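Please read these points with the model open beside you.

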Amino acid sequence: MIEEKFDAIVVGAGMAGNAAALTLAQRGLKVLQLERGEYSGSKNVQGAILYADMLEKLIPDFREDAPLERHLVEQRFWMMDDRSHTGLHYRSDDFNEEKPNRYTIIRAQFDRWFSQRVREAGATVLCETTVTELAQDAYGKVIGVRTDRADGEIHADVVVLAEGVNGLLGTRAGLRARPQPDKVALAVKEMHFLPRETIEARFNLRGDEGVVIEAAGTISRGMTGMGFIYANKECISLGIGCLVADFQRTGETPYGLLDRFKRHPSVAPLIEGSEVKEYAAHLIPEGGFNAIPQLFGDGWVVVGDAAQLNNAIHREGSNLAMTSGRIAAEAIFQVKSRKDPMTADNLSLYKKMLDESFVIKDLKKYKDMPALMHTQSQNFFLTYPELVSRAMQNFLRVDGTPKVEKERTTFKSFVKARSWSGLFGDAFRLARAWR
């Protein structure tokens, strides 16, 4: 056992873990951060969106040296059937501001930079170290961790669990239940490399401008899921994700969905001639507010994906992760400053502070949306996209057929595919969940 005792041990070096470790170290606490990878981000090849406001609260000058890809000036939403997409997009020159609001990043590079800032703040960061279980006293209070290293057990006043959605430490210790398949999505992603000028020409970009495309429809084969395309400087992040429960139910494979998505007529021209250098799979919490587990206990708190803090409706994750890590650290610092013990009662301050933030307020507002999307997946991700495509075909194709006949055909298609009562029922449930 390591004799040295820490104020806090942070398990994990992703967005939430780095935010927690940085905040604790900045406030002068003795912090140990443990990461099983060779370095922070070594197991994470995905592209992602970074929300500047949340990072600015941690590192105000991050733009000076952070490995940022492109600042986003355009967002596109595609509703797809097998051969077409109906699109909605928003682009504004206002996003070409001095301090842009959103950026694309490559997590392997960004997480490593973030970890270096944690070290510079004074935390001890130990990589290639797997935490095998939580150390608890005779009363069940968490007093530290046990690792796969020879010196094994390390003690701390509090442990911050930032181990990701499928982390086993909390479940092994009986602190939280294992996430269910209908509350977790599996996303697969590829990095397609192209010359910078080719990417900018294909996506109509200048300089460091960036664009994100998010797609839903028949690409997920009737399952609850979405595809996405991020334009980086010299590569394109492309992927698709669906609920684990849907993969189990249908027998579809993640790589099969990704392959079909890449070959779609709307997608293939964007990545034509690219070289695929990286492929990864990643679990994402999708249960929303109703899936959030117990967030604190005697000697521990849980943050980020491990706490199911992901806004699936607005596709926001990294900002919730960083915010929860920061708030957990601030709560721990307040308890420590009062010289109070790290009991569940005292650490409940973390939940109170989180409840007052946008994190819980947003998740609570849309708490019924995930369940609606999951139970009506065939309608939202298969039937309606096909009907919209058929309606657009009838509207745009000029072939001598009277417009009244085209309108009648479109109407019959909707009635045949789904009764009007069912259609209005889905619309009503969607509006009620969005209220």
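1. E74 touches H89, Y90, R91, G210, V211 and V212, leaving out residues up to four places away in sequence; contact here means heavy atoms within 4.5 Å. E74 lies in strand β4, residues 68–80. Its relative accessible area is 5%, so E74 is buried (buried is under 20% relative accessible area, exposed over 50%, partly exposed in between, with a 1.4 Å probe and protein chains only).

2. This is a predicted model, in which local features need pLDDT of at least 70 and side-chain atom pairs count only at pLDDT 80 or more, while totals for chains, interfaces and linings use all residues. Residues are numbered from 1 along each chain as its sequence is written, and side-chain values use heavy atoms, with hydrogens and water left out.

3. K5 is found in strand β1, residues 5–11. With a relative accessible area of 48%, K5 is partly exposed. Apart from neighbours within four places in sequence, K5 is in contact with K30, H155, A156 and D157. K5 and K336 are 331 residues apart along the chain, and their C-alpha atoms are separated by 14 Å.

4. Which residues of helix α11 are buried? In this helix, residues 358–365, they are V359, I360 and L363. Seen down the axis of α11, these buried residues fall within an arc of 85°, so they line one face of the helix (the arc is that of the directions from the helix axis to the C-beta atoms). The buried residues of α11 pack against α9 (318–337) and α10 (344–355).

5. The protein chain has 15 helices and 17 strands. These are DSSP runs numbered from the N terminus: helices are H or I with at least four residues, strands E with at least two.

6. For 435 residues, a compact globule would have a radius of gyration near 22 Å, and the protein chain agrees with 23 Å (taken over C-alpha atoms; the rule is 2.2 Å times the number of residues to the power 0.38). Along the principal axes, the C-alpha atoms fill a box of roughly 85 × 50 × 40 Å.

7. Of the 435 residues of the protein chain, 54% count as buried. Among contacts between residues at least 6 apart in sequence, 72% join residues at least 24 apart.
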